[in-house]
Amino acid sequence: MLWWTLGLPSLKTGFLKWKPDYDSAASEYGKAAVAFKNAKQFEQAKDACLKEAVAHENNRALFHAAKAYEQAGMMLKEMQKLPEAVQLIEKASMMYLENGTPDTAAMALERAGKLIENVDPEKAVQLYQQTANVFENEERLRQAVELLGKASRLLVRGRRFDEAAISIQKEKNIYKEIENYPTCYKKTIAQVLVHLHRNDYVAAERCVRESYSIPGFNGSEDCAALEQLLEGYDQQDQDQVAEVCNSPLFKYMDNDYAKLGLSLVVPGGGVKKKAAAPPQAKPEGTAAPAAEEEEDEYAGGLC
């Protein structure tokens, strides 16, 4: 018997059998999928999973249908068809939500994000943000902020700084809500670096000023370093900026933010402003040469 006909006897109806037996059909297709997967025949395994999913849907077994769609997605992953795999896993996550199992939906979305991260970072950001929303709706804030952090780092890596600034602010708000203040300090550093790479000194300064309301920030080494960084940036002192960004406090941040610090260049070419040297007194009785007192009007040539 060909594999795709395995479930057909269960789906046939007759005089004494008015309804197809979708449950048995799903079971047969599920067994076929496992056999094909073990034989590394992933195309056939994917097709069997899809038939299993449809049978479960017809039987109104949403959770099991979602599982089958997710398994079909994983077969596509083995075939290196990642965008198609993500589509099926997203479909599975929507069914998990409809079934009332948001935790499983969130885990599926996160799995999809990991699959596509190196191929399509923009899609991965979207998936991580969706996952964070699901966790946040379930008041699982620690899981939500972890996924937001992944999205923020991908946005920074892609130099999408406007979106990154918004994403980091969301992270910071959640960390404040769960009273994880030291991490708020680190997120403030990340925010400032992002704003400076956006050439928005005003936003960076405002970010530090607003953070004074976070318990313990004022007086922390993070606060002192940021004040020194902003001073150097404002004074166009590349040496001072580089010194701060090369400090352990900055260098041992998440790699994407550490790179932002190391690549930060102040405007105006980074030339340190120097105070004008005071005029030196001349010895008494020494007259300045006439050539120094009066500028030669032709010194630059006739033109």
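Mentor: A salt bridge here is a side-chain nitrogen of Lys or Arg within 4 Å of a carboxyl oxygen of Asp or Glu. Keep in mind that this is a predicted model.

Trainee: At what N to O distance do the side chains of Glu 43 and Lys 81 meet?
Mentor: Side chains of opposite charge can pair when their charged atoms come close. The cut-off is 4 Å. Glu 43 and Lys 81 meet in a salt bridge, N to O, at 3.9 Å.

Trainee: How many residues apart in sequence are the parts that Glu 43 and Lys 81 tie together?
Mentor: Glu 43 lies in helix α3, residues 42-58. Lys 81 lies in the loop between α4 (62-78) and α5 (82-99). So the pair ties together parts whose separation in sequence is 38 residues.

Trainee: Is Glu 43 buried or exposed, or in between?
Mentor: Buried means under 20% relative accessible area, and exposed means over 50%. Glu 43 has a relative accessible area of 33%.

Trainee: Which residue forms a salt bridge with Asp 256?
Mentor: Look for a Lys or Arg nitrogen within 4 Å of the carboxyl oxygen. The closest N and O atoms of the pair are 3.0 Å apart. The partner is Arg 157.

Trainee: Which helices does that pair of Asp 256 and Arg 157 link?
Mentor: The two residues are 99 residues apart, in distant parts of the chain. Arg 157 sits in residues 141-157, and Asp 256 in residues 255-262. The helices are α8 and α15.

Trainee: Why does Asp 256 count as buried?
Mentor: The limit for buried is under 20% relative accessible area. Arg 157 is partly exposed, at 48%. Asp 256 counts as buried because its relative accessibility is 11%.

Trainee: Which residues do salt bridges that share partners join into one network?
Mentor: Start from Glu 43 and Lys 81, which meet in a salt bridge. Both belong to the network. Its residues are Glu 43, Lys 46, Asp 47 and Lys 81.

Trainee: How many salt bridges does the structure hold?
Mentor: One of them joins Glu 78 and Lys 77 at 4.0 Å, N to O. Glu 78 is partly exposed at 41%, and Lys 77 is partly exposed at 30%. The structure holds 16.

Trainee: How many disulfides does the structure hold?
Mentor: A disulfide is a covalent bond between the sulfur atoms of two cysteines. Cys 184 is buried, at 0% relative accessibility. Cys 245 is buried too, at 2%. The disulfide count is zero.

Terms used
Residues numbered from 1 in each chain as written. Predicted model: local features only at pLDDT ≥ 70, side-chain atom pairs only at ≥ 80, totals over all residues. Heavy atoms only, no water. Disulfide = S-S within 2.5 Å. Buried < 20%, exposed > 50% of the residue type's maximum accessible area, 1.4 Å probe, protein only. Helix = DSSP H or I, 4+ residues; strand = E, 2+ residues; numbered from the N terminus.
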